[in-house]
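Subject: Structure for your review

Dear colleague,

Please find below the structure that I am handing over to you, together with its sequence. My findings follow directly after it.

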Amino acid sequence: MRKVILALIFVLALASFAFADTIVLRDGRTIRGTVLGFVNGRFVVRVENRYTTNDQNIQRNRDGDIQYFRPDEIERIEIEGRSLDDGRFDTHNVQVTLGADWIDSGVWVRRGEQVDVSATGVITTPRSRITPDGLRSTDPTAPLPNAPEGKLIGAIGNDPRSPIIELGSQRQFTAERNGRLFLTSNRGSYADARGSFNVQVRSERNLNPRDNSEDRGGLRSRNRTNDDFGRNRQREITISVPGNSRNFDTGIDVRAGEPITITATGLITAGARVGQVGPNGQSSSGFGGINARPVPSAGVGALVGYIRTTSGQLTTAYLIGSQLSSTVPADGRLILGINDDNFGDNSGSFSVTIRY
């Protein structure tokens with residue numbers, strides 16, 4: 001409310017020094033006159049000379065008439081050539097990092113309202129530098145699987161069913177609903193991400209405040225999408241883990257304590273001496289030498305897992321084998337590998353299904 005009052009004082013102060021103001025309406029009319037003030041939610045204008053429409057043949061003399069205009073009728077007001085757009089628009093700056101939840105911009109938009117978004121900055125991952133326009137690649141686990149990976153995206157409200165808006169480095173859109181604007185980067189994984197986008201949101205100032213208690217922010221989760229009955233949806237993904245994988249990045253970010261089930265099938269060749277083995281591996285007793293495998297007590301060639309934490313460190317490896325149902329031991333990225341200490345002569349792959 002304080003911002004509204006200051007904007008009105010600004011209008012009145014400028015109007016007192018103006019000889020001829022120009023009011024451009026959204027329906028195409030241009031009015032020359034003097035802005036007298038703001039009364040009962042409307043601008044008060046003393047019309048001088050005449051106003052015109054898009055049809056130049058239609059001109060009506062309104063010299064000296066007092067006219068009232070709602071803020072949503074006005075495209076812009078110019079006082080001796082200076083625009084009062086700053087009185088019509090609010091600008092919010094927000095830092096958008098890539099994490100488990102969307103970022104609440106703090107901007108509440110109304111249906112039909114015009115919103116301008118511009119963004120700069122870089123989010124970095126071990127393999128990429130992502131700008132607000134995203135990468136050339138796509139990410140099937142991202143909120144928008146067919147949009148550029150990492151692109152700045154938005155959504156109005158924390159209802160997981162609300163449409164997602166592609167924004168990028170520059171976008172103007174018309175809000176289709178009332179609600180708080182949430183922002184994030186279009187990427188499924190986030191544990192390895194650093195940096196942020198610097199986003200500026202320019203929205204129309206609400207000069208007629210209404211009750212917007214239906215949405216005062218809160219959280220919008222990226223990973224915990226609720227269905228119509230409020231239950232958490234389980235995700236499932238199947239990937240191929242090559243037999244020569246030491247640290248295979250699954251692209252899945254997990255949280256400590258969450259349930260996870262991993263099932264593996266197939267055969268790999270774990271070197272000439274061991275030969276073909278399944279996900280449970282094969283005992284190496286009697287081979288001799290130093291046992292440098294990630295899980296020394298597990299068979300050669302077995303499927304094993306780690307969690308790469310947000311600090312970049314790997315947790316202690318654990319056996320997965322052909323099937324493991326457990327809880328996630330730590331926050332971070334799920335990494336899979338083959339339980340071997342010599343990967344040069346390995347071949348084949350395991351088909352691994354992960355439910356989380």
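In strand 15, the bridge partner of Val 109 is Gly 179. Helices (H or I, at least four residues) and strands (E, at least two) are DSSP runs, numbered from the N terminus, and two strands pair if DSSP finds at least two bridges between them.

This is a predicted model, in which local features need pLDDT of at least 70 and side-chain atom pairs count only at pLDDT 80 or more, while totals for chains, interfaces and linings use all residues. Residues are numbered from 1 along each chain as its sequence is written, and side-chain values use heavy atoms, with hydrogens and water left out.

Strand 15 and its partners

Strand 9 (residues 103-109) runs antiparallel to strand 15 and is joined to it by four bridges. Strand 12 (residues 152-156) is also antiparallel to strand 15, with five bridges between them; here Ala 155 is paired with Phe 182 of strand 15. Strand 15 covers residues 179-185, and seven of its seven residues are buried. Buried means under 20% relative accessible area, exposed means over 50%, and partly exposed lies in between (1.4 Å probe, protein chains only).

The nonpolar cores

A nonpolar core is a set of buried Ala, Val, Leu, Ile, Met, Phe, Trp, Tyr and Cys residues joined through side-chain atoms within 4.5 Å. The largest one has 26 residues, and those touching the most other members are Val 96, Val 117, Leu 152, Phe 173, Leu 183, Val 199 and Val 201. At least two residues of this core come from each of strand 8 (89-96), strand 9, strand 10 (114-124), strand 12, strand 15 and strand 16 (194-204). Strand 10 contributes the most, namely four residues. Another core, of 24 residues, lies apart from this one and includes Ile 239, Ile 252, Leu 303 and Val 352.

An open sheet with antiparallel pairing has four strands in the order 18-25-22-23. Strand 18 (248-254) and strand 23 (318-319) are at the edges with a single partner strand each, so one side of each has no neighbour in the sheet. Strand 22 (residues 303-308) is joined to strand 23 by two bridges, and Val 304 has Leu 319 of strand 23 as its bridge partner. Six bridges link strand 22 to strand 25 (residues 332-338), again antiparallel, and Leu 303 is paired with Ile 338 in strand 25. Five of the six residues of strand 22 are buried.

Two individual residues

Is Asp 192 buried or exposed? Asp 192 counts as buried because its relative accessibility is 12%. Asp 192 is located in the loop between strand 15 and strand 16. The side chains of Asp 192 and Arg 187 form a polar contact of 3.0 Å (a pair of N or O atoms within 3.5 Å; within protein, one must be able to donate a hydrogen and the other to accept it, and residues adjacent in sequence count only if both atoms are side-chain atoms). Neighbours within four places in sequence aside, the contacts of Asp 192 (heavy atoms within 4.5 Å) include Thr 124, Arg 308 and Arg 333.

Ser 326 belongs to strand 24 (residues 323-327) and is partly exposed, with a relative accessible area of 28%.

With kind regards
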